[in-house]
Structures are given as C-alpha cells and as structure tokens.
Amino acid sequence: ELKKGDWVICPKRYQTTISENELNSYWEEFDEFVPNKVYKNKKIYISSPLNEEDFWWYCGMWLAEGSASPNGLSHRISTTHSELEVSYVEKIKNIIFKYLHRSATFTYRKKSHAIDVTYSSAQMMNFLIKTFGKGAHNKHISEWVKKIPNIYKLALLKGYFEGDGSGYYNKISAISASKQLILDIQDILHSLGIVSCISNKPAI
C-alpha cells in the first residue's frame with residue numbers, strides 16, 4: 001500500500017526518435033559482403049534492413065524463440081516453433097532470404113512437435129548479440145532500439161508477443177527468463193502509451 005513519501009519506479013518514456021541515418025549506422029557497424037550465386041566472381045552488399053517492419057518483427061520473434069551460437073567460422077542463428085506455427089516458419093524464411101540473402105534450413109523434431117529454422121550470417125549474428133544479448137537469461141533490448149520509430153516498435157512487440165505471449169480476455173502477457181528483457185519490453189510499451197505491470201513467478 002502506497003503512503004506519503006513512498007517512491008514509485010516508472011519506466012522511461014523514450015519520446016525522442018532517432019534519425020534514419022543514425023538508425024542505419026547500427027547495421028553498417030557490421031558491414032558484410034556475401035557471395036552472389038549467380039555471378040560467382042562478385043559479392044552482394046547486405047544493405048540495412050532496419051527501415052523494414054517485418055525485419056523488426058523477426059527481431060521480436062528471435063528475442064522470444066531464438067538463439068545464436070558462434071563457433072569458430074560458424075555463425076548459426078535459429079528460432080524454434082511449434083509444428084502448428086507453419087505461417088511463422090514461412091514468414092521467417094522469406095525475411096531471411098529477402099534481407100540477408102540466405103536460405104534457411106528446417107528441422108522437424110517429431111518427439112517435441114517442433115520446427116527449427118536455421119541459417120548462418122556473421123553480420124546478423126553480431127547485430128543480434130550486440131543489440132539483444134545472447135542466452136535466454138541475458139537477453140535485453142539496447143537503449144537505442146527504444147528510440148526507433150513507433151511503427152518499428154510495434155512490429156518488434158508483435159513478433160515478441162507472438163513468440164512468447166499469451167492472451168486472456170482483454171489482457172496480453174509474456175514470460176521470460178530474463179528480467180532485464182521484461183523491463184526493456186515495459187519501457188517500449190510505456191513509450192507507446194501502453195500501461196503494463198511486472199510480476200515474479202518462481203521457477204518450477
């Protein structure tokens with residue numbers, strides 16, 4: 001119960017929006033050229049996808065369901081989905097091909113009724129790890145992401161809640177092993193004028 005003199009912790013508002021040039025600079029930091037399968041003696045520059053809504057949807061989905069496993073020259077990135085989420089699998093495949101010029105592979109795990117979507121990209125892996133962290137307990141959202149245009153924030157949230165969220169009447173909730181990620185999600189919600197609350201649940 002609140003009483004006079006109590007302190008109340010509130011999320012930051014993040015009302016400032018970063019410019020398009022500044023936004024793209026966060027991608028260009030990890031510039032990469034990839035082989036062109038048609039013209040084998042040339043390479044394709046992966047231009048910034050940070051001005052694309054569906055790319056931010058994928059980032060949200062990766063925050064919920066993804067992993068990144070650097071191992072020497074391997075840069076394996078994956079997301080895992082229910083066998084019923086075929087539409088997400090197809091959407092991710094198209095996003096990866098469109099923006100990263102990669103072809104994803106699919107692994108169906110019959111016992112767990114799950115589908116793994118996997119591909120390799122040094123640039124994307126470096127971007128994901130620096131921007132969103134690595135490992136379920138260490139995921140977070142970098143401060144600059146909280147200043148992207150609202151349309152991209154909404155896409156990020158949509159991907160995240162479609163991956164880790166659930167709906168009940170007029171409420172939406174999500175659970176994460178990372179407290180920092182939940183706090184960051186709350187910051188973004190607050191910046192959009194959406195009120196949310198956080199509760200702790202003991203591990204089972």
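A residue counts as buried when its relative accessible area is under 20%. In this predicted model, Ser178 has a relative accessible area of 1% and is therefore buried. Two helix pairs are also described below: α2 with α4, and α5 with α6.

**Ser178**
- Ser178 lies in the loop between β8 (171-174) and α6 (179-191).
- Its side chain reaches the backbone nitrogen of Leu181 at 3.1 Å.
- Leaving aside residues up to four places away in sequence, Ser178 touches Ala136, His137, Asn138 and Lys139.

**Helices α2 and α4**
- Helix α2 (residues 53-65) packs with helix α4 (residues 122-132) at an angle of about 65°, and their axes are 12 Å apart.
- Angles of 65 to 115 degrees count as roughly perpendicular, and α2 and α4 are therefore roughly perpendicular to each other.
- The crossing of α2 past α4 is right-handed.
- On the α2 side, the contact is made by Phe55, Trp56, Tyr58, Cys59, Trp62 and Leu63, and on the α4 side by Met124, Phe127, Leu128 and Phe132.
- This contact of α2 with α4 has 10 nonpolar residues, no polar and no charged ones.

**Helices α5 and α6**
- Helix α5 (residues 150-164) and α6 cross at roughly 135°, and their axes come within 10 Å.
- α5 and α6 are therefore oblique to each other.
- α5 passes α6 in a crossing that is left-handed.
- From α5, Lys153, Leu156, Leu157, Tyr160 and Phe161 make the contact, together with Leu181, Ile182, Ile185, Ile188, Leu189 and Ser191 from α6.
- By class, the contact of α5 with α6 has 9 nonpolar residues, 1 polar and 1 charged.

Terms used: Residues numbered from 1 in each chain as written. Predicted model: local features only at pLDDT ≥ 70, side-chain atom pairs only at ≥ 80, totals over all residues. Heavy atoms only, no water. Axes fitted to C-alpha atoms, helices over the stretch in contact; angles between N-to-C directions. Helix = DSSP H or I, 4+ residues; strand = E, 2+ residues; numbered from the N terminus. Parallel < 35°, antiparallel > 145°, perpendicular 65-115°, else oblique. Left-handed = near helix turned anticlockwise from the far one by under 90°. Contact = heavy atoms within 4.5 Å. Nonpolar A, V, L, I, M, F, W, Y, C, P; charged D, E, K, R; others polar. Buried < 20%, exposed > 50% of the residue type's maximum accessible area, 1.4 Å probe, protein only. Polar contact = N/O pair within 3.5 Å; in protein donor to acceptor, adjacent residues only side chain to side chain.
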